[in-house]
Amino acid sequence: MSATESELRNPNLPKRLRNARRDCGMTQETVAAQLGLARTSLVALEKGERAVRAEELVAMARLYGRPVDELLRPSAPVEDFVGQFRTSLSRSADAEELEQAIRMVERYAEDYRELERRAGVAANHQYPPAYSIDGLPATAAATEVATTERNRLCLGDGPLQGLRDVLETKLGIRVFFIALPSRIEGFFAFTPETGACIAVNANRPVERQLWTLTHELAHFLTRRLSAEITVAKAHSPGRVPAHERFAEAFAGEFLMPTSGLTRDFNAILRTRPEGVTPGALVELAGFYGVSFQALVVRLEGLGLLARGTFDMLQHEGFSVAEARRLLGLEPRERDTRVFPARYVTLAVDAYRDGRISEGAFARFLRVDRVTARDVARALGQLG
Amino acid sequence: MAERQLSLDACVLINLCATGRISELAATLAIRFVVAREVSGETLGLRSEDDGAERTPIELEVLVRAGVLEVVDLAGEEVATFVRVAERLDDGEAATLALAVHRGLALLTDDRAALRLIASEHSGLEVLSTARILRRYCEQARLPAAEIAACLVAVEERASFFPTRLDPDGDWWRTQSASQAPDQTPPAST
């Protein structure tokens, strides 16, 4: 069998070559010149009208900085992942950095799909129907959707443990924690090939990461076909769109359900008839895994604290960090896992069973080979 | 004595560099390693002796200059085979296999995916593992037990490599590496 025959059997190679060229910002003219081809030949090649010779494939892979094995994946490439964000990117001052991050998540999501293909398992998407919130005020919609979804997922009404894992295992959302431009909290994207993907800024405090994850969940539950970028509040002045107001209200209700939070707040009140202290609120915020500000604002919204409490405490110079120190509360560890646990498990299993080579395994995990071996030994005994 | 050429993949290359004895091994066994450009293009490193999180880069140029290793480009039918195999293995592994197939070289690999493919489609190839080549070297060089242990422990510690239970030389490895705990691992110079 010749290489040309094998290429002809891969109907997705032309698309992958076109996408790889586009990703590195090269024109057809430039590539054709570098390869010593007529531009019309490259056009035909990218349209699948002309077979790719093995030497051409190797030359193009080098030119685009992509491994040949990736270009030869038999599955259809992810289409238009970055394109979903085109409008947001065009208005963004850090468009280049953000686009790179979006492309990175696209590659991660594509790799996830490849691992599932190699393992012979289907995607674990278990999506509920999209909730309709048309005509409802943001807070009413948030309460309804958050309560229904908490009940559906059997999460009770207390603090959430391991929300990221819940989203990954119970809903099949792909969650990646990556470095994003400092003004970006996270983003949400959806394509038929990858399903729902959430990226969270790995450099933000753990409480903010949890809030962002929940904010993006709100978009998934109500507007999953619309990609969305969440910008830090300080960087998004002006009128907040209705879907953003809903997402913020949803995050508050989902992370601090009215019933559970009221119960826990009242429990504090019973032991402190003279009134709740800021220190007790710091503890309660830690219990729910949210920031002090998010908790106090939520309690104000529920009428359990007077409006303006947070502003007053800030004005008085109340220091959350100092309170945490005096209370002996350890800072919570940031989630440093780039990939979902299932992604890593699929990669380890594929490597252990000889379905992917060591080089591919290390590349799936974005680590060097020695680290990849450590991961394989820790998670799946070879031998 | 004429040198025998072996097609070497990245897995074994890392392991042999971890011993700090790759040049000595090549001289003792009268072999010369052939490495595909696709392998040499990958950034390879070893765990540093003083900091487990740090990596000491493997500098192939040193080995090339010493005549231990030759980096080659695939050509002609090798490219076609490489592309065909790259549908199942990563580029480095696919190129290593293509070299062995077309140049009639023995192949040095521990990679399970590669071994699976070789067993099903290239069963005539001679395949050597890290454990096998190190065993041959240790026996031919008549290394004392402590040096053998130091050599194997260096591979375990700096390259995180341990032969599998299926490796025919795995028992030899485990016995030797545990036989005499070395005071210190040898420097992993390339």
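Close-up 1. At 4% relative accessibility, S160(B) counts as buried (buried means under 20% relative accessible area, exposed over 50%, and partly exposed in between, with a 1.4 Å probe and protein chains only). Look for S160(B) in the loop between α9 (145-159) and α10 (170-179) of chain B; helices here are DSSP runs of H or I with at least four residues, strands are runs of E with at least two, and both are numbered from the N terminus. The phi of S160(B) is near 55°, a positive value in a residue other than glycine. Most residues other than glycine have a negative phi.

This is a predicted model, in which local features need pLDDT of at least 70, side-chain atom pairs count only at pLDDT 80 or more, and totals for chains, interfaces and linings use all residues. Residues are numbered from 1 along each chain as its sequence is written, chains are lettered from A and ligands numbered from 1 in the order in which they are written, and side-chain values use heavy atoms, with hydrogens and water left out.

**Close-up 2. R366(A), another residue with a positive phi.** Here the phi is near 60°, and R366(A) is not a glycine. R366(A) sits in the loop between α19 (358-365) and α20 (369-379) of chain A. Its relative accessibility is 36%, so R366(A) counts as partly exposed.

**Close-up 3. Two helices of chain B packing together.** Helix α1 (residues 10-19) and helix α8 (residues 130-140) of chain B pack at an angle of about 35°, with their axes 10 Å apart. Axes are lines fitted to C-alpha atoms, for helices over the stretch in contact, and angles run from 0 to 180 degrees between N-to-C directions. Which residues make the contact? They are V12(B), N15(B), L16(B) and T19(B) of α1(B), with T130(B), I133(B) and L134(B) of α8(B); contact means heavy atoms within 4.5 Å.

**Close-up 4. Where chain A meets chain B.** In this view, 35 residues of chain A are in contact with 37 residues of chain B. The area buried between the two chains is about 2700 Å², and carbon and sulfur atoms give 52% of it. Buried area is the accessible area (1.4 Å probe) that two parts lose on being put together, summed over both. In chain A, R369(A), V370(A) and R373(A) lose the most area to chain B, together 23% of what that side buries. There are 4 salt bridges between chain A and chain B, a salt bridge being a side-chain nitrogen of Lys or Arg within 4 Å of a carboxyl oxygen of Asp or Glu. R62(A) forms a salt bridge with E38(B), with the closest N and O atoms 3.3 Å apart.

**Close-up 5. Salt bridges within chain A.** R73(A) and D111(A) form a salt bridge, their closest N and O atoms being 2.9 Å apart. This pair links distant parts of the chain, 38 residues apart: D111(A) lies in helix α8 (residues 95-119) of chain A, and R73(A) in the loop between α6 (68-71) and α7 (86-90). Are D111(A) and R73(A) buried or exposed? Both are buried. Another salt bridge joins R50(A) and E56(A) (2.7 Å, N to O). In that pair, R50(A) is partly exposed at 22% relative accessibility, whereas E56(A) is buried at 8%.
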